[in-house]
Amino acid sequence: MKLVFIGPPGIGKGTCAKALSQKYGIPHISTGDIFREEIAKGTELGLKVKQYVEKGLLVPDEIVIEVVKKVLQSPMCSKGFILDGFPRTLRQAEELEKIAKIDVAFLFNASVDVIIERVSGRLVCPKCGAIYNIKWRPPKKPGICDVCGTPLIRRKDDEPEVVRERYRIYEQTFAPIIEYYRRKGILVEVDAARDSSLIVADIERILAEKGLITKAL
Ligand SMILES: [Zn+2]
C-alpha cells in the first residue's frame, strides 16, 4: 500500500494519515517531520537542511529525494507507506516513481474558506503548547489554558490572510503534481470538508475497491 497524500496545509490530511498508519501498520512519512527531527538531533543532514530552512528557502530536490529514498528503502516501509508533503515538485514525483510505484495519490479537496474556518478557531498556549479549538475543544475558562492558566493566543500562521496566501502557494506548487498523477490514472479526490473519520472511511473504501486492503473494518 504505497500512498501519496496531497492537500493544502490545515486540511487535516496529517490526522487521516496518522489514523490509517496506526490501523494498518504502515508508516506516515512527513518530510517536514524528518527534517525537523534531523535539525533537532544536529545530524549532518540536519545541518545541511538547516541552512535552507533558516533562510526561508526550499530544501533542494536532491537532498529531499536522497532522504525519502533512504526512508522508503528501510525495513519499516516493507508493507508500504503514506507520504505526506512529498513530492512537491514534478522532478520529485518522477524520482519517486523510480524508487517506488505509487498505488494511489489522494487529493484532499476543500475550499480555502473551509480551511480558514477550521484553523481560525485554533488557540494555543504559548507556555505549555496545549492546543484548543473554540468550536470543538474549548478551554474550560474562555481564553485561558486548562493546564497552566496562561492566556491563550492565536498563532500568526493561523490568521486568515496567512492561510489564504498559503493556499494560493499550495495551488501553484501542486498543480503540476496533481496533473502528473491524474495523467497516470491514480489520482483519487476526496471531499475533505468533513470530519476526519468520514474521510478515513472514504479512503478505506477506495483502498478496498483497489484490493489494497482486504476489507474496510
Ligand atoms: Zn498552558
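N109 is partly exposed, because 15 other C-beta atoms lie within 10 Å of its own, where a residue counts as buried with 20 or more such atoms within 10 Å, as exposed with 12 or fewer, and as partly exposed in between, the C-beta atoms being placed from the backbone. The model is predicted, and for this reason local features need pLDDT of at least 70 and side-chain atom pairs count only at pLDDT 80 or more, whereas totals for chains, interfaces and linings use all residues. Residues are numbered from 1 along each chain as its sequence is written.

N109 belongs to strand β4; strands (E, at least two residues) and helices (H or I, at least four) are DSSP runs numbered from the N terminus. Leaving out residues up to four places away in sequence, N109 touches E189, V190, D191 and A192, contact here being defined by C-beta atoms, placed from the backbone, that lie within 7 Å. The C-alpha atoms of N109 and I6 are 8.9 Å apart, although 103 residues separate the two along the chain.

**The sheet**

Five strands form an open sheet in the order β2-β3-β1-β4-β7, with parallel pairing, two strands being paired if DSSP finds at least two bridges between them. β2 (28-30) and β7 (187-191) stand at the edges with a single partner strand each, so one side of each is left without a neighbour in the sheet. From one strand to the next the twist averages 25°, where axes are lines fitted to C-alpha atoms (for helices over the stretch in contact) and angles between N-to-C directions run from 0 to 180 degrees. The pairings are listed below.

| Strand pair | Sense | Bridges |
|---|---|---|
| β2 and β3 | parallel | three bridges |
| β1 and β3 | parallel | four bridges |
| β1 and β4 | parallel | four bridges |
| β4 and β7 | parallel | five bridges |

**The nonpolar cores**

A nonpolar core is a set of buried Ala, Val, Leu, Ile, Met, Phe, Trp, Tyr and Cys residues joined through C-beta atoms within 7 Å. The largest such core has 37 residues, of which F5, I82, L83, F106 and I203 touch the most other members. I203 is in contact with C16, L20, F106 and V190, once its neighbours within four places in sequence are set aside. A second, separate core has five residues, among them L123, C125, C145 and L152.

Helix α7 (residues 160-184) has 25 residues and reaches 35 Å from its first C-alpha to its last, close to the expected 36 Å, a span taken as 1.5 Å times one less than the number of residues. The helix bends by about 45° at F174, and a proline, P176, follows within four residues; the bend is the angle between axes fitted to the seven residues ending at a position and the seven starting there. V163, Y167, I177 and Y181 are the buried residues of α7, and what covers them includes β1, α5 (90-99), β4, α6 (112-120) and β7.

After α7 comes G185, with a positive phi near 80°. The peptide bond from F86 to P87 is cis, with omega near 0°, and P87 lies in the loop between β3 (81-84) and α5. Most residues other than glycine have a negative phi, and most peptide bonds are trans.

Key: Two residues are in contact if their C-beta atoms, placed from the backbone, lie within 7 Å.
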